[in-house]
Amino acid sequence: MTDTSLTTAMTEMEMIMLILGMMIVTFGVRYFPFALAAKENLWGKYQQVVEIALSFVPVAVLTAIIVPTVLIRDGQTVSVTLDNFHLWSSLMAFAIAYKTGHMLLTVVSGLTTFGLLNLVF
Amino acid sequence: MKRSDLFLFGVRDTLPLVLAAIPFGILFGALCQAFGLPLALCLAMSVFVFAGSSQFVAANLLGIGTPWMIVIGATFIVNLRHMMYSANLMKHVRHYSQIRRAMMAFGLTDETFATVLNRLNRYQDDPFSGSYYFGSYAFMYLNWIFCSWLGFILGSQLDDPLAWGLDVAMVVAFIGIVTPLLVNHLMWLSAVLAGATAILCHSLPFQLGILVSAVVAIVIPTIIALRTNSSQTNDPTNSLESES
């Protein structure tokens with residue numbers, strides 16, 4: 001372990017607690033509905049509300065991760081500029097995903113755009 | 001169809017997302033190295049947690065000296081979406097034992113969910129296959145652990161791994177997952193709300209911006225869907241379920 005790091009403040013015990021905690025919350029979230037999979041109406045009278053709300057979760061969370069990652073490159077300001085290669089690669093990937101719905105084409109077009117932009121500029 | 005064939009189809013269909021996970025895994029490993037985290041901690045996350053975007057968030061938080069309990073909280077927030085994936089697939093796993101369900105749940109990443117759901121949607125008459133699921137999951141898992149390790153080793157060669165912009169791989173994979181889900185106005189509304197709120201709340205500490213944006217982007221479309229539901233005869237939840 002290097003002594004220059006910011007995390008040396010963490011003891012070995014704290015690291016174990018961290019991994020355990022991350023594992024428990026992640027596995028718990030993934031396993032909970034599977035564990036109760038035999039039940040028809042898992043959420044009782046709130047079944048319909050929960051089902052509708054859950055249907056928005058992936059779009060809501062993934063978009064909330066994507067948009068700041070793409071638009072805020074310096075950690076502070078929104079940059080819609082020509083040299084924001086993340087933005088142009090993302091727009092290319094989105095256009096391909098929207099037109100084709102093809103995962104491989106989406107990933108390859110996004111990464112290729114990024115690679116080419118970096119190569120050329 | 002034979003089980004081994006289904007397993008291999010699972011591997012094959014996950015390839016595009018594995019491709020995107022390679023640079024992302026390398027970035028995660030390199031970040032851990034750059035922030036001075038021990039290799040054991042880096043690998044333990046990939047082996048025991050196995051959730052890319054939350055590991056990425058965790059590495060960034062640890063890098064600025066965030067207390068471990070807050071990192072666990074952020075992990076929970078970032079991974080909460082997996083409950084929806086699990087809830088979505090639960091009707092297919094009813095006949096499996098709890099141990100098998102637990103094993104499946106451990107590997108329920110964005111990538112495996114997207115791959116499995118895609119197959120279920122494409123071949124409506126084909127039943128859910130555990131072998132296919134495990135094929136997708138095993139490929140993602142082994143690749144993820146290997147790339148985290150590789151990134152950590154390569155990390156010592158790079159000064160600033162973030163400057164390489166490898167996080168573009170995560171973004172592109174997530175775009176590939178989100179875009180096909182934008183099947184109606186409410187999904188679009190949810191995406192727009194999430195993006196706008198995430199920008200506005202960006203300066204909040206401990207990734208709380210993701211939580212706030214997610215709540216806004218879930219609650220508002222849900223309220224609108226319920227209102228439309230009670231005022232009209234046609235049921236928007238049906239269209240949400242059948243199309244998504």
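Mentor: Let us begin with the domains of chain B, whose bounds come from an automatic or database domain assignment. The C-alpha centres of domain 1 of chain B and domain 2 of chain B lie 24 Å apart. The assignment places domain 1 at 3–181 and domain 2 at 182–244. This is a predicted model, in which local features need pLDDT of at least 70 and side-chain atom pairs count only at pLDDT 80 or more, while totals for chains, interfaces and linings use all residues. Residues are numbered from 1 along each chain as its sequence is written, and chains are lettered from A and ligands numbered from 1 in the order in which they are written.

Trainee: How many residues of domain 1 of chain B are in contact with domain 2 of chain B?

Mentor: Two residues are in contact if their C-beta atoms, placed from the backbone, lie within 7 Å. Here 10 residues of domain 1 of chain B contact 9 residues of domain 2 of chain B. On the domain 1 side, helix H3 (52–63) and helix H4 (68–79) of chain B each supply at least two residues, and H4(B) gives the most, with 4 residues. Helices (H or I, at least four residues) and strands (E, at least two) are DSSP runs, numbered from the N terminus.

Trainee: Which helix of chain B gives the largest share of the side that touches chain A?

Mentor: In total, 79 residues of chain B are in contact with 69 residues of chain A. Helix H9 (residues 168–178) of chain B provides the largest share of the chain B side, 10 residues. By class, that side has 55 nonpolar, 20 polar and 4 charged residues. For these classes, Ala, Val, Leu, Ile, Met, Phe, Trp, Tyr, Cys and Pro count as nonpolar, Asp, Glu, Lys and Arg as charged, and the others, Gly among them, as polar.

Trainee: Which residues of the largest nonpolar core touch the most other members?

Mentor: A nonpolar core is a set of buried Ala, Val, Leu, Ile, Met, Phe, Trp, Tyr and Cys residues joined through C-beta atoms within 7 Å. A residue is buried if 20 or more other C-beta atoms lie within 10 Å of its own, exposed if 12 or fewer, and partly exposed in between, with C-beta atoms placed from the backbone. Of the 114 residues in the largest core, A:Ala60, A:Ala64, B:Val172 and B:Phe174 touch the most other members. Helix H2 (residues 47–71) of chain A gives the most to this core, with 14 residues. The residues that A:Ala60 touches include B:Ser190, B:Ala214 and B:Ile218.

Trainee: Is A:Tyr31 buried or exposed?

Mentor: A:Tyr31 counts as buried because 21 C-beta neighbours lie inside 10 Å. A:Tyr31 is placed in helix H1 (residues 12–35) of chain A, and touches B:Ala102 and B:Ala105, not counting residues up to four places away in sequence.
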